[in-house]
Each structure stands twice: as C-alpha cells, then as structure tokens.
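Hi,

Here is the structure I said I'd pass along.

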Amino acid sequence: METPMERATRCGASGDLWGVLGLRRSASTAETRAAARTAQFATHPDRLGDSPEATAASQWVNRAAEVLCDATKRALYVHCGSRYAAYEREERAADEATTAARQRRAEEEARQAEEKAARAAKRQQ
C-alpha cells in the first residue's frame with residue numbers, strides 16, 4: 001500500500017492534484033476538505049521529520065488543498081489541467097509587473113510634486 005507521502009510525491013511530480021489527495025475528480029468540496037486535512041496530517045514534516053521528501057510531500061498536499069478547496073482555483077485547474085501551474089505563474093508575473101508599474105508611477109508623481117514644491121518655494125524667495 002502506498003503511503004500518503006509516496007502518493008503526494010508521485011502525483012505531485014505529474015501535476016495530478018486530485019491524486020495527491022487520493023480523490024476522484026468528481027469529489028465534492030466537503031470530501032476534498034476532509035481528504036486535505038487527512039493528507040496534511042499524514043504528511044506534516046513534524047510527524048515525518050525534516051527530510052526533503054517529507055517537506056516536498058507536505059508542500060504538494062498543501063498546494064493541492066489550496067487549489068481544490070477554492071472554487072475559482074478549482075475551476076481554473078479543471079479548465080487548464082496540468083498547465084495550471086504555468087498559467088498561475090504567468091498570472092503572478094503579470095500581477096507583479098502591474099504592481100511594479102504602479103509603484104514606479106507613484107514614485108514619479110511624488111518626485112514631480114517635490115520638484116513643483118521646490119520651484120514654488122524658489123519663486124517666493
């Protein structure tokens with residue numbers, strides 16, 4: 001019989017999040033949450049030691065629980081399948097680029113406001 005750690009490592013490497021939790025694709029949200037809790041308990045590094053295998057299995061289980069217990073992420077995973085991870089990386093990169101652009105704009109606006117205030121102060125002298 002395959003242990004939860006072995007299953008999480010095997011299925012996680014192939015990108016099968018349902019397999020990581022030992023679920024059918026038709027599993028309900030309640031079944032998914034219950035399986036996630038059981039798998040998280042069984043693969044927790046505190047129970048298995050701090051080996052790299054235990055840590056990797058725990059990360060796969062946590063990832064599977066995060067995606068499959070959230071309705072929006074689950075729908076995307078169903079739609080994208082094994083490409084979900086790549087899709088999510090692209091989304092994260094786009095979000096980071098948007099955040100960086102907003103930060104640059106805010107810094108530029110602050111710099112322009114300081115220059116404007118300095119010019120106004122110079123004119124008053």
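A word on naming before anything else: helices (H or I, at least four residues) and strands (E, at least two) are DSSP runs, numbered from the N terminus. This is a predicted model, so local features need pLDDT of at least 70 and side-chain atom pairs count only at pLDDT 80 or more, while totals for chains, interfaces and linings use all residues. Residues are numbered from 1 along each chain as its sequence is written, and side-chain values use heavy atoms, with hydrogens and water left out.

Aromatics to start with. Searching the whole structure turns up one aromatic pair. The ring centres of Trp18 and Tyr77 are 5.0 Å apart with the planes at 50°, so this pair counts as tilted. (Rings of Phe, Tyr and Trp, the last by its six-membered ring, pair if their centres lie within 6.5 Å; planes under 30 degrees apart are stacked, over 60 edge-to-face, and the rest tilted.) Since Trp18 sits in helix H2 (residues 17-21) and Tyr77 in helix H6 (residues 71-80), the pair ties together parts that are 59 residues apart in sequence. Both Trp18 and Tyr77 are buried, where buried means under 20% relative accessible area, exposed over 50%, and partly exposed in between (1.4 Å probe, protein chains only).

Next, the core. The largest nonpolar core has 21 residues, and Val20, Leu21, Leu68 and Tyr77 have the most contacts inside it. (Such a core is a set of buried Ala, Val, Leu, Ile, Met, Phe, Trp, Tyr and Cys residues joined through side-chain atoms within 4.5 Å.) Helix H1 (4-14), H2, helix H3 (29-43), helix H5 (52-68) and H6 each give two or more residues to this core, and H5 has the largest share with six. Setting aside neighbours within four places in sequence, Val20 is in contact (heavy atoms within 4.5 Å) with Arg7, Ala8, Cys11, Gly12, Trp60, Val61 and Ala64.

Thr32, in helix H3, is buried with a relative accessible area of 0%. Not counting residues up to four places away in sequence, Thr32 touches Leu21, Leu23, Ala27, Leu68, Cys69 and Arg74. Ala34 is also found in helix H3, but is partly exposed at 42%; its C-alpha lies 9.8 Å from that of Ala65, 31 residues away in sequence.

What about the loop between H2 and H3? Arg25 is found there, and is exposed, with a relative accessible area of 56%. Beyond its neighbours within four places in sequence, Arg25 contacts Asp16, Trp18 and Arg74.

Last, the largest pocket, which holds about 200 Å³ of space. Its lining has 12 residues, with Leu17, Trp60, Arg63, Tyr84 and Ala85 nearest the centre. H5 and helix H7 (84-124) each supply at least two lining residues, and H7 gives the largest share, five. (On a 1 Å grid over the protein atoms alone, a pocket is an open set of points where a 1.4 Å probe fits, with protein on both sides within 12 Å along at least five of seven lines; lining residues have an atom within 4 Å of a point. Grid points are joined across faces, edges and corners, and the volume is the space filled by probe spheres set on them.)

Cheers
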